[in-house]
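Please read them beside the structure.

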Amino acid sequence: MVHGIRVHETGGPEVLRYESFDVAAPKAGEARIRHTAIGLNFIDCYFRSGLYPAPAGLPLIPGNEGAGTVVAVGEGVTSVAVGDRVAYVGPLGSYAEERNVPADRLVKVPDGVADDVAAAAMLKGMTAQYLLKRTFKVGPGTTLLFHAAAGGVGQIAGQWAKHLGATVIGTAGGPEKVALAKTRGYDHVIDYRKDDFVAAVKELTGGKGVDVVYDSVGRDTFPKSLDCLKPFGLFCSFGNASGPVPPFSLQELASRGSLFATRQTLFTHIGPRAALEEIAGDLFAVIASGAVEIPLSKRWKLADAADAHRALEARATTGSMVLIP
């Protein structure tokens with residue numbers, strides 16, 4: 001028997017129940033992982049609430065991300081072995097002391113990267129990687145706007161974009177988050193609670209606008225994000241913390257200067273095994289080099305997952321958090 005969190009009916013954080021249950025022996029192609037740290041992400045709240053339906057229905061064990069040690073492998077598994085330190089993103093089910101994971105979703109954690117850092121970094125860090133290096137190739141000469149600069153992805157992306165040579169502008173809510181973001185690679189941080197971020201971006205860029213806007217906020221920042229772009233600029237939506245972007249006419253893109261718009265997801269990028277290894281390897285390398293620090297703001301006990309979800313939904317957090325079994 002192991003302990004973990006299960007959801008029997010969707011709803012608020014109170015539906016997260018700490019229970020004991022059995023984990024079967026790993027099937028062919030699977031490995032059993034004993035977690036040392038479990039990633040905590042806003043998407044977990046979407047599955048818990050029912051906004052995103054659980055692929056396998058209820059009861060649901062939330063969580064997409066974790067790190068730990070391989071304790072058993074199923075038939076045919078050669079990519080990992082018992083005793084290996086590994087991390088992964090997907091499929092659902094990480095809020096548990098142990099679980100089975102498809103072995104082709106596991107990546108080995110190199111020396112120099114701690115388990116809790118790996119667990120906190122996989123989803124957010126690989127998201128930053130594909131945004132900055134695959135969705136739009138950021139480099140010297142790039143000027144970008146990143147919403148939620150003090151959030152988990154925002155803090156990683158700010159450091160990484162600066163490391164790549166970009167001019168990095170961010171938005172954050174309130175003086176404390178603005179100050180925090182300024183320590184994470186951002187050249188300029190706009191307090192959206194008191195300033196019009198469109199006007200501020202235009203002032204900072206001499207009226208030109210930015211090459212790309214990265215937006216995980218959604219409804220509250222649209223369509224103003226489009227107004228921050230220079231002609232032929234890219235609007236990249238990769239989340240909807242305030243609600244989804246409403247339907248809009250393609251004429252909105254034409255009238256603002258032949259803009260591009262895209263809605264990206266991590267799981268498309270890491271679907272092929274080779275791409276997963278490349279993206280994760282790039283992430284671990286930039287962490288190990290010291291160019292990017294993973295901001296671990298808090299470690300919660302797995303049994304206290306409901307309190308962690310309340311903090312997430314209240315936007316009372318900065319950086320990354322993990323659950324410890």
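1. Ground rules. This is a predicted model, in which local features need pLDDT of at least 70 and side-chain atom pairs count only at pLDDT 80 or more, while totals for chains, interfaces and linings use all residues. Residues are numbered from 1 along each chain as its sequence is written, and side-chain values use heavy atoms, with hydrogens and water left out.

2. The E9 pair. E9 and R17 join their side chains in a salt bridge, at 3.0 Å from N to O. The term stands for a side-chain nitrogen of Lys or Arg within 4 Å of a carboxyl oxygen of Asp or Glu. E9 is partly exposed at 34% relative accessibility. R17 is also partly exposed, at 36%. The cut-offs for these words are: buried, under 20% relative accessible area; exposed, over 50%; partly exposed, in between (1.4 Å probe, protein chains only).

3. The R85 pair. R85 and D115 form a salt bridge of 2.7 Å, N to O. This pair links distant parts of the chain: R85 lies in strand 5 (residues 85-89) and D115 in helix 2 (residues 115-135), 30 residues apart. Helices (H or I, at least four residues) and strands (E, at least two) are DSSP runs, numbered from the N terminus. R85 is partly exposed at 26% relative accessibility, whereas D115 is buried at 17%.

4. The helix 8 pair. What separates R273 and E277 along helix 8? About one helical turn, because the two residues are four apart in that helix (residues 273-288). R273 has 26% relative accessibility and counts as partly exposed. E277 is partly exposed too, at 42%.

5. For the overall tally, the structure holds 18 salt bridges.

6. Cysteines. How many disulfides does a search of the whole structure find? The count is zero, where a disulfide would be a pair of cysteine sulfur atoms within 2.5 Å. Take C236. Its closest cysteine sulfur is in C228, 14 Å away, so the two are too far apart for a bond. C236 is buried, at 0% relative accessibility. C45 is buried as well, with a relative accessible area of 1%.
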